[in-house]
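Reader: I would like the wording used for this structure set against its definitions. Please take the terms one at a time.

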Amino acid sequence: MIDSNLNVLIGLAMGLNLLALGTSRLPALIRAMSVQGVILGVMPLLMEHQLDWRVLLVAVATICGKGLLIPGLLRRAMRTVQIDRELEPLIGFVPSLLLGAAGTIAALALTHLLPLLPEHAGSLLVPGALATVLTGFILLIGRTKAISQVCGYLILENGIYLFGLLLIKAMPLLVEAGVLLDLTVGVFILGIIVDRIQRAFDSLDTRKLTALHE
Amino acid sequence: MKSLLLILVPLVAAALALAWPGQRTRPWLLPAAGLIHAVLSLWLFLEPPVVAADAWLGFDPLARAVLPVVSLLFLVSAWYAVSYLRIRAERPNRVFIAALLAVLGLLSAGHQARHLGLLWICTEAVTLAAVPLLHFNGTPRAFEATWKYLLVGGTGIALSLLGSLCLGYASLYGGGDGHLTFVALMGQGAGLSRPWVLIAWVLLLVGYGTKMGLAPMHTWKPEAYGEAPAIVGAILAGGVTSVAFTAILRVRAVVGAAGEGGMADHTLLAIGLFSMLVAALFLLGTRDFKRMLAYSSVEHMGILTLGASLGPAGVAAALFHVWSNGLTKGALFLSAGNLRRAAGSPSMDEVRGMSTLTPWSAAIFVAGMFAVTACPPFGPFFSELKVVRAALETGHGLATGLFLCCLLLAFFGLTRVVFGIVDGRPRRAAKAAGKRFKESAGVILPPLVLLGLSLWLGLCPPRMLADAWAAAVTQLYPTP
Amino acid sequence: MNSILDLILRLDCWLLLAPLLPGIINKVKAWVAGRRGPPVLQLYYDLARLWKKGVVMSTLASPAFVVLPAVTWVAVLGAAMLLPLGPLGAGLSFRGDALLLLYLLALGRFCTAWAAMETGSAFEGMGTVREVSYAVLAEAAMIAAVLSLSVQSGSISLAAMLAPAMGASAALLAAGLFIVLLAENCRVPFDDPATHLELTMIHEVMVLDHSGPPLAVILHGAAMKLLLFTVLLVQAVLPMAHLKPLLAAAVLAGGVLAVTVAVGLVESLLARFAFRRVPLLLTTAFLLCLFALLVAWKGGLP
């Protein structure tokens, strides 16, 4: 029963992947990503019968980090920096959607070829992880805006986290290490903001200089 | 204990640098921490400690074979950094110095990490710590380079985490109990699940290969090395890449223990030769002497990877090459930094006649160029000779031919750029800039020392070093 | 004897009820906009009025101009006969009737397109091109939906395919089929049936030169097609094979009404999409149906 609940959540996450690929609006992309983050955070709670503090920590950190904090920062960056809300695709929306769907199907097929432990055999974790990683890649390669690349990176990371859930019982350290990736995302966002602020100052300075000149 | 100090001393110094009030005196923290680090690592090199088999961190033979050269390179670069930061007094250096020290501490941790997860954490942390280093100049171009570095490097590092997880699953599937030290993984050997090991190998090779700068994941390198200060280039090219290389060696050992060593060697050979080829072709086209160094670095990463694919003798040669390449590249980067300062531009279209403007730096640059293109009697000649010998002994005739061709092409490319900027008559604008830049002892001696070390490595490498490399090889290829 | 009576009843049902749907949709739109709107039976009056009028023929057009709308109408009616109505079953049922249904719908479209081009007007040709290019994508989704139904039930007969309740894939299929319904019947956001701006019309362009009884036949056929898709959507999602006939009829009627109201709501809340965004939506429909197929294939979730 727990397993099928988990599978429904993973199915939802995979649906959000396709949503992220198909949308042409930045806020929608960020929303898809943050909902996915929350879903991912809930998963470890469903997997464990008795709640371990480490598992709880991973869940809380994921929900707060991926679900609330990073999307909030991204929205703030979007507002302060006044980025245009339309995404500019290098790979069009329809091709990326089809690629994503093909990737999802391929992931499902590939999973059958891989040896899985009996307790993971019926789970969608592996195909979900592969599909999500692929989605992240398509977004990383196929979107030009810095902020959408950050979203792509985050989705890629979500995929890795999904895979990590397989190992959360046996080797929690590896899964927890994934939080460092969130830090990378934080640096990305910081970069966007710092860059824009710097540019704003630069332009301010030059204007001052010409004013003095005249 | 001493091995822990190797990590802690730079990190404490980094914290100190953040708190240090004086902008002018702060750079002295670099050589101070570097000196302590170098003494410690030399001490550990001479008296290798006994490392417990299941220790997560330890100065094991592989760390002993590589870490001292990183330490040495850092020390000399730190010496150079003092003069460099005095010239660049207009830029705030608090974060830069702290990040540089943090990189040293994390590199030491990464070299000593004997645990799959810990190794990954260290590499990731180094990646993040290097970000302020690349952004030191604060120009839009530097930002672009930093962005590219973080995006490509971050993706690579994410893939290597996925690879680590796959390797973890391989162990779990084979009945492992969740111990992910490399010793435990190698002990599990053929018990590891083959399909998962293969997936893990591909992902880890791509992930850590990105960090090393192997083609086709090398795209961040030219931008990053082109825009970063010279010291950063030297430490990235000599230190950070070596951590990724040892990571690949450690993973290769696990894959070998799982019985897929042949396949791993084939992929290493292919990706190594491809990197060399790509780098050689780009070297023929580049017109920027700092980007040229980046492509040369890609080429040497290819040589390392090629060496790693050739069995025990090849790995020993590759470890030798880590030393000779690191030191020689350091000399090149530092002297290139001088040239760049004096000339005001990194492009050979605008720079000419540096031999009259900055004779010392130009001389070191030319000598370093000859060293790095494997002209005797410098270190790289002997290490590459060993790689060739290992290749011929293992019957890779075709690969050897290709290897030598790439070296020749790289030689053409490098000499074209180097003599283009050294020869001729300097432009008038460059003359004025060159006057402002003084070739003080602080910026000439460090690259000279590195070049001397490279020469020493070629002419009379100490017996101890060869023993250290051999010990590392036995660690990676345990005789059953 | 009984079966003939049944068939006649069925035909009457389809013929008489179909024009109600556009009326309901228009009423919903009017309500949302706060108007009184045209009466629900408006289409009946229109049909009666058109039937009394004469036909204006272009000098270029061949007799096919009049015949083809009739063929379309017959094709759609035939398709409607194939569709089972809950426990009542279909008017005609055999192995592979699902394929015939698809082909009849395609035939209908082909005839409309041909008739549109009979007058040789470049404008109608443009409308045809748009209609057909949407249809290519919508048909892919439709085929995927039919496939998923057939994989789920292990049969290619509509009666069996629509009988069992779809498991987890029902939601996916419902969403996909709803988009297909909107596209096939030229509703917002694909086409605006109320528009008379030349550049934005699709289906309306194709019937611009028709008049009198042929136009009435076309309008009635379009209404029947809408009813057909609505019934198909309701049955693909709601299990009603084991209900009592009267209850099933009530459920079916309720479902059809709900879908119709939903179409009306979509029409009043959304604007027509730009042409370049239409393929994305249709691709989404295709993928929804494809994933429904995948889920059906794996037997629930694997």
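Predicted model: local features only at pLDDT ≥ 70, side-chain atom pairs only at ≥ 80, totals over all residues.

Reader: How do you know which chains share the most contacts?

Author: Two residues are in contact if their C-beta atoms, placed from the backbone, lie within 7 Å. There are 2 pairs of chains in contact, and chains A and B share the most contacts. On that pair, 27 residues of chain B meet 29 residues of chain A. Helix 7 (140-173) of chain B and helix 5 (116-129) of chain B each supply at least two residues of the chain B side, and the largest share, 16 residues, comes from helix 7. Helices (H or I, at least four residues) and strands (E, at least two) are DSSP runs, numbered from the N terminus.

Reader: What is the contact between chain C and chain A made of, and how far apart are chain B and chain C?

Author: Chain C gives 9 residues and chain A gives 13. Chain B and chain C do not touch, their nearest C-alpha atoms being 21 Å apart.

Reader: Why is chain B called as compact as a globular protein of its length?

Author: The radius of gyration is taken over C-alpha atoms, and the globule rule is 2.2 Å times the number of residues to the power 0.38. For 480 residues the rule gives 23 Å, and chain B has 21 Å, which is close, so chain B is as compact as a globular protein of that length. The chain has 20 helices and 0 strands, and its C-alpha trace spans about 70 × 55 × 40 Å along its principal axes.

Reader: What makes a residue of chain B count as buried, and what percentage do?

Author: A residue is buried if 20 or more other C-beta atoms lie within 10 Å of its own, exposed if 12 or fewer, and partly exposed in between, with C-beta atoms placed from the backbone. In chain B, 64% of the 480 residues count as buried. In helix 17 of chain B the buried residues include B:Phe403, B:Leu414 and B:Ile421. The buried residues of this helix pack against several helices of chain B, among them helix 11 (230-285) and helix 13 (311-343).

Reader: What span is expected of helix 17 of chain B, and what does it reach?

Author: The expected span is 1.5 Å times one less than the number of residues. Helix 17 (residues 397-422) of chain B has 26 residues and reaches 37 Å from its first C-alpha to its last, close to the expected 38 Å. Just after this helix, B:Gly424 has a positive phi of about 85°.

Conventions
Residues numbered from 1 in each chain as written. Chains lettered and ligands numbered in written order.
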